[in-house]
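Here's a quick briefing to read alongside the structure.

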Amino acid sequence: MAQLALAAFCLVAFAATSSALTPMEFGMDTACNAHKAACWYEYLKQFPKTDAKAGGLCLITCDFQKESAKKYDGDRGKNAFISGVSGQPMESLPSEYASNCNADLKSASADSSTDESDALNDGKQKYPFRAFAYCLMKTLRSRNGAKAIEAVKSERTHYTQDWRQTLLDRDNEFRARHGANPLVRIAELETPAQEWAEKNAAMCSSDHSQREQRYLSGNQTGESLSAGGGPDVPADAAYLASDGWYEEINHPYPFPAGIKGGRGDPTFPHVGHFTQTVWKETQYVGYGYAYNPNCPAYKFYIAARYYPAGNMPGDFQKNVLPPQ
């Protein structure tokens, strides 16, 4: 089997103000980048306590308000942004963010008494809402420590990595918690996973493939799917998928006895993505991602294929171990 090479991190250059962006637009963009970074860490990055549903909503709220505000010029646009972001976007974060930062949001201040320019990689420029953006990073740091800022820098503002590697790393974090060896990506699974993700995106559908379509070396492969709305950001979609699959542990899963699985098991439909993620005997994986902005609801589609397949009836107790 052909193991795929690991993707290297890519350097992200800061978005310098240019003729294409007014200072106000740059400030709105940077403020929303800070807001999304806080959403990402609070709900998706922290391990193992995640909330994919809250994270998915939180990630899209600021950009929605920003795009609405950019329809207006001058103070009208600024005030629309302030009013919009002080509502659902700030309410979607833990309450400390609004308590600490709403005053800076309402002032649209460019003050930099709290310097978080490195966290946001903003080139130390002066722009509206800088104090608000810095306050969000300061609050993230105070709530979660320096590790939160380092995570933001390494995965969002200074560097990015291939979304497949993000998904693989996250799945393997969860597997390690349950005593399972890390998965390895292989082309024999990645190609059909990508094809199925593209098919679902083209059809705006979240349908599973037929079992007879999922074989490798004469044996059946497993499959997990994820779909969601929002912009075309594969790395965020990777966290939403992996975290969402794993959160099925909270159904709750009946450790240590496990479940029987198969048709007729009332628990299996609620935990099958989680159990496949941590299935001890699974060794290989392939991921596919596709995006269709024309779909009415879900716009990104992820497919994962696993070999050997998990979720085999009667084998759950020995393959789905309690968290360590």
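How far apart are the end C-alpha atoms of helix α7 (residues 130-144), and what should its 15 residues span at 1.5 Å a residue? Both come out at 21 Å, so the two values agree. Keep in mind that this is a predicted model.

**Helix α7 and what surrounds it**
- Eleven of the 15 residues of α7 are buried, so the rest of the structure largely encloses this helix.
- Among those buried residues are Arg-130, Phe-132, Tyr-134, Cys-135, Met-137 and Asn-144.
- The buried residues of α7 pack against α1 (23-45), α3 (74-85), α4 (88-91), α5 (95-107), α6 (117-120) and α8 (146-157).

**Helix α8**
- Buried residues here include Ile-149, Val-152, Lys-153 and Glu-155.
- The buried residues of α8 pack against α1, α6 and α7, plus β2 (159-160) and α11 (234-246).

**Cis peptide bonds**
- His-251 and Pro-252 are joined by a cis peptide bond with omega about 15°; Pro-252 sits in the loop between α11 and α12 (268-278).
- Tyr-307 to Pro-308 is cis too, with omega near -15°, and Pro-308 is in the loop between β8 (300-307) and α13 (316-319).

- Lys-124, in the loop between α6 and α7, has phi near 55°. Its relative accessible area is 58%, over the 50% cut-off, so Lys-124 is exposed.
- Ser-217 has a positive phi of about 55° and belongs to the loop between β4 (215-216) and β5 (219-220). At 58% relative accessibility, Ser-217 counts as exposed.

Technical notes:
Residues are numbered from 1 along each chain as its sequence is written. This is a predicted model: local features need pLDDT of at least 70, side-chain atom pairs count only at pLDDT 80 or more; totals for chains, interfaces and linings use all residues. Side-chain values use heavy atoms; hydrogens and water are left out. Helices (H or I, at least four residues) and strands (E, at least two) are DSSP runs, numbered from the N terminus. The expected span of a helix is 1.5 Å times one less than its number of residues. Buried means under 20% relative accessible area, exposed over 50%, partly exposed in between (1.4 Å probe, protein chains only). Contact means heavy atoms within 4.5 Å.
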